[in-house]
Amino acid sequence: MKLDAALAPASLSDVPAQAAAAEALGFDTVWTSETQHDPFLPLALAAEHTTHLGLGTAVAIAFARSPTVLAHSAWDLAAASGGRFRLGLGTQVRPHIERRFGLPWPASPANALREYIQALRAVWHVWQSGERLNFRGEVYRLTLMTPFFSPGPIEHPSIPIYLAGVNRGMIRLAGECADGLHAHPLHSARYLREIVHPALRDGATRGGREPGLVDISVSVFTVTDPDEAAFARAQISFYASTPSYRPVMELHGWAEVADRLSGLARRGAWTDMPAQIDDEMLRTFAVVADRGELASALRERYHGLADRLTLYLPFRPGERDPFWKDLALGLDR
């Protein structure tokens with residue numbers, strides 16, 4: 001089971017030290033997110049200052065940019081890193097696409113994202129092969145790529161695509177046409193077992209693929225002390241208040257709690273929300289263990305359910321380095 005790291009949001013000048021430290025401590029891959037900074041620029045610096053560390057986005061927002069624009073970013077990072085780049089994509093939700101990015105929300109996000117992936121791969125194929133671009137979908141039509149705008153072939157053109165998915169539709173899509181799945185931190189072992197894995201198998205069957213081809217990357221809440229417990233309760237309560245994540249709560253019979261959390265969120269009563277997450281919920285959605293036992297607790301929960309883990313704790317060099325190193329060694333046993 002591989003241990004990955006979420007790079008802490010930072011200025012670009014801090015990224016080389018972050019990436020070099022992550023590689024030295026034994027992380028397999030570092031992931032950037034599209035929150036406070038662009039997700040791609042840090043990875044260009046990380047590629048330059050590492051030799052074998054995997055690099056990826058968790059996630060970049062697909063509907064915030066055209067497939068061709070994103071194809072260029074991914075192609076350049078794959079070339080610069082020697083094939084170490086993984087492209088993680090997410091849809092975000094309608095208000096963010098329309099009101100934060102100023103772009104239209106598709107009628108069917110799953111269908112649009114399927115076509116988006118097909119368009120990306122069509123562009124990459126043209127660049128690698130020199131063939132004519134002729135992608136004609138219902139949402140995207142890409143038919144113009146002159147040599148002046150083609151970067152040409154690269155050594156590692158097969159760029160893995162990961163999709164973020166919570167509900168069955170997006171998870172099935174990952175099984176159908178993606179190389180990996182980014183599972184949301186608001187999950188349980190039961191949710192992975194009863195919802196995620198069956199949906200991936202259904203998608204693989206629909207896409208004519210072998211089950212098990214999709215790499216499952218999981219973001220994990222962990223609790224090793226009271227401060228981390230308070231942080232986890234706050235994050236779990238925030239996510240559980242969002243309608244998109246309601247199926248996770250419903251699976252465990254906590255729909256009424258989700259309703260209360262949604263009501264508190266609408267009133268802006270954020271400080272009252274963590275108290276709704278009792279100890280049973282905390283242990284369901286977070287791995288609670290002493291620091292010395294955390295690696296074994298993670299292995300026990302995620303054996304057969306996940307291929308790579310990223311703790312829901314941003315990685316910062318010099319903070320908890322012995323903890324990270326011991327965890328990487330513990331998961332590698």
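Tutor: Helices (H or I, at least four residues) and strands (E, at least two) are DSSP runs, numbered from the N terminus. The model is predicted, so local features need pLDDT of at least 70 and side-chain atom pairs count only at pLDDT 80 or more, whereas totals for chains, interfaces and linings use all residues. Residues are numbered from 1 along each chain as its sequence is written, and side-chain values use heavy atoms, with hydrogens and water left out.

Student: In which helix does Ala199 lie, and why does Ala199 count as buried?

Tutor: Ala199 lies in helix H7, residues 189–206. Buried means under 20% relative accessible area, exposed over 50%, and partly exposed in between, with a 1.4 Å probe and protein chains only. Ala199 has 3% relative accessibility, and therefore counts as buried.

Student: Which residues does Ala199 touch, not counting residues up to four places away in sequence?

Tutor: Contact means heavy atoms within 4.5 Å. With residues up to four places away in sequence not counted, Ala199 touches Arg168, Ile171 and Arg172. The C-alpha atoms of Ala199 and Arg172 are 4.9 Å apart in space, while the two residues are 27 apart in sequence.

Student: Why is Met249 called buried?

Tutor: The relative accessible area of Met249 is 0%, and so Met249 is buried. Met249 is found in helix H9, residues 246–251. Not counting residues up to four places away in sequence, Met249 touches Ala240, Trp254, Ala255, Val257, Ala258 and Phe285.

Student: Why does Asp215 count as buried?

Tutor: Asp215 has 18% relative accessibility, so Asp215 counts as buried. Asp215 lies in strand S10, residues 215–223.

Student: What joins the side chains of Asp215 and Tyr162?

Tutor: A polar contact is a pair of N or O atoms within 3.5 Å; within protein, one must be able to donate a hydrogen and the other to accept it, and residues adjacent in sequence count only if both atoms are side-chain atoms. The side chains of Asp215 and Tyr162 are joined by a polar contact of 2.6 Å. Leaving aside neighbours within four places in sequence, Asp215 is in contact with Tyr162, Asp179, Gly180, Leu181, Asp307 and Arg308.

Student: Which residues of the largest nonpolar core touch the most other members?

Tutor: A nonpolar core is a set of buried Ala, Val, Leu, Ile, Met, Phe, Trp, Tyr and Cys residues joined through side-chain atoms within 4.5 Å. The largest such core has 115 residues, of which Leu87, Leu89, Trp124, Leu298 and Leu327 touch the most other members. Helix H5 (residues 109–129) gives the most to this core, with 11 residues. In soluble globular proteins, nonpolar side chains tend to be buried together.

Student: How is a pocket told from a cavity, and what is the volume of the largest pocket?

Tutor: On a 1 Å grid over the protein atoms alone, a cavity is a set of points where a 1.4 Å probe fits but cannot get out, and a pocket is an open set with protein on both sides within 12 Å along at least five of seven lines; lining residues have an atom within 4 Å of a point. Grid points are joined across faces, edges and corners, and a volume is the space filled by probe spheres set on the points. The largest pocket has a volume of about 1800 Å³. Its lining has 49 residues, of which Gln92, His184, Pro185, Tyr239 and Tyr245 lie nearest its centre.

Student: How many cavities of 30 Å³ or more does the structure hold?

Tutor: There are 3 cavities of 30 Å³ or more. The largest cavity has a volume of about 120 Å³. Of the 13 residues that line it, Ala8, Pro9, Ala10, Thr32 and Pro42 are the closest to its centre.
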